[in-house]
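This report covers a pocket and the cavities.

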Amino acid sequence: MFQLVGGRLLGPDLFAPVSVLWTLMFLTGTVGLTPVEQYVAREATAGRRVLSRRSWAIGAVAALTATGAATFTTLTRDALFLGEWAFVGLAVVLVGVTAPLFVVRGLAIGQRRFDLYGLMLGLEGAGRLVFGGLGLLIVGGPVGIAWGVALGPALGLLVPALRFERRANAPASGGAGAFLAPYVGASGASQLLLAGAPLAVAALGAAPATISIVFVTFTLFRAPVTIVYLVQGRLLELLVRLGLAGDAGRVARIRRTIELAGLAAVTLAGAAGWVAGPTVVTLLYGAAFRPDPLVAALAATGVAGAALSQLLGQLLVAEGRTAMLARRWAGGLAAAVAVLLLLPPLAGPAPAVTVAAAFATGELTAAALMARRAGRSAGDGPGPQRARE
């Protein structure tokens, strides 16, 4: 709703910096702050306190994320943000407001209060409209509406989930740094795979029209992965509880269910992408954006593989094996880069086909590596966090 209203009020040119800030919000959330949410959820599920002196790593991740957002905005201010210094401050405010929200969402997950989790998401969306509208009236223009992106999450903090911290009966495990550092690296690799297609096709020398086609196709098709990010906390909470109870059999059954459903989804997604993908893109964006059926099929296959990898990765997160998670995502990224480098000299396909093939290969490789590790570890059941793998 925020994007629809903002886009119509400002038009495509003036709304462009707001859309870039929105993309920055997504990346800072998935790469830097989702690991924080999952660490908090894992600790809270185990009945441990999180917000103490031993949780310095949470603050470090938030600070580094804010620094990265500010640096990117500063370097691209003229190219992407209409030369407005205000967007640099908005990027910092965005992370500063969003980081506490991810913490309290993790606390809500740990207490199985998914109703409060959903309420926080709803208030966050409403907050964007409220603060964006106020910003448009007071400041005006793109900067005014962008305040909705930056301050919208603040409304979610009205949910009093912090009270769950006081109910915890034990201090944090003290392994926040060992958990978060590799997890942030894993998230960075997964997002580079998921969102790097337009950059890769540009690097291969594709025409601007091809870059736009790849961008809209991959952006549209990766919507299911965004949904996975919203529901994975519930899966993590269940896996941690089963691990604490020593119920390795049920963990193994969950793993098998994810693998079988994921395999079916990958197969169906590829077929649907080939048959219906180009038509769907054309209906939404126009005939000029119609992708090749092979590109659509590979993109859909890769997105299904990404969703499968994300869900299987929760088995490793539940065990605290985030270093192993990072290696699995790095393996998928390496496979994608290999295809990207080797396929053009060998077969010389169009840049869009090359990038789509690299994306699908990388995501399916990551999924296979996740399934292999999950299969080996499920029999033992989720154990204590391991700093070394």
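## Terms and model

Helices (H or I, at least four residues) and strands (E, at least two) are DSSP runs, numbered from the N terminus. The model is predicted: local features need pLDDT of at least 70, side-chain atom pairs count only at pLDDT 80 or more, and totals for chains, interfaces and linings use all residues. Residues are numbered from 1 along each chain as its sequence is written, and side-chain values use heavy atoms, without hydrogens and water.

On a 1 Å grid over the protein atoms alone, a cavity is a set of points where a 1.4 Å probe fits but cannot get out; a pocket is an open set with protein on both sides within 12 Å along at least five of seven lines; lining residues have an atom within 4 Å of a point. Points join across faces, edges and corners, and a volume is the space filled by probe spheres set on them.

## Largest cavity

The structure has 3 cavities of 30 Å³ or more. The largest holds about 90 Å³. Its lining has 15 residues, with Tyr183, Ser187, Ser190, Gln310 and Trp329 closest to the centre. H13 gives the most to this lining, 5 residues.

## Second largest cavity

This cavity has a volume of about 40 Å³. Among its lining residues are Ser190, Gln310, Trp329 and Glu363. H8 supplies the largest share, 3 residues.

## Second largest pocket

The volume is about 250 Å³. Of 14 lining residues, Pro224, Ala265, Val303, Ala304 and Ala307 lie nearest the centre. H13 contributes the most to the pocket lining, 6 residues.
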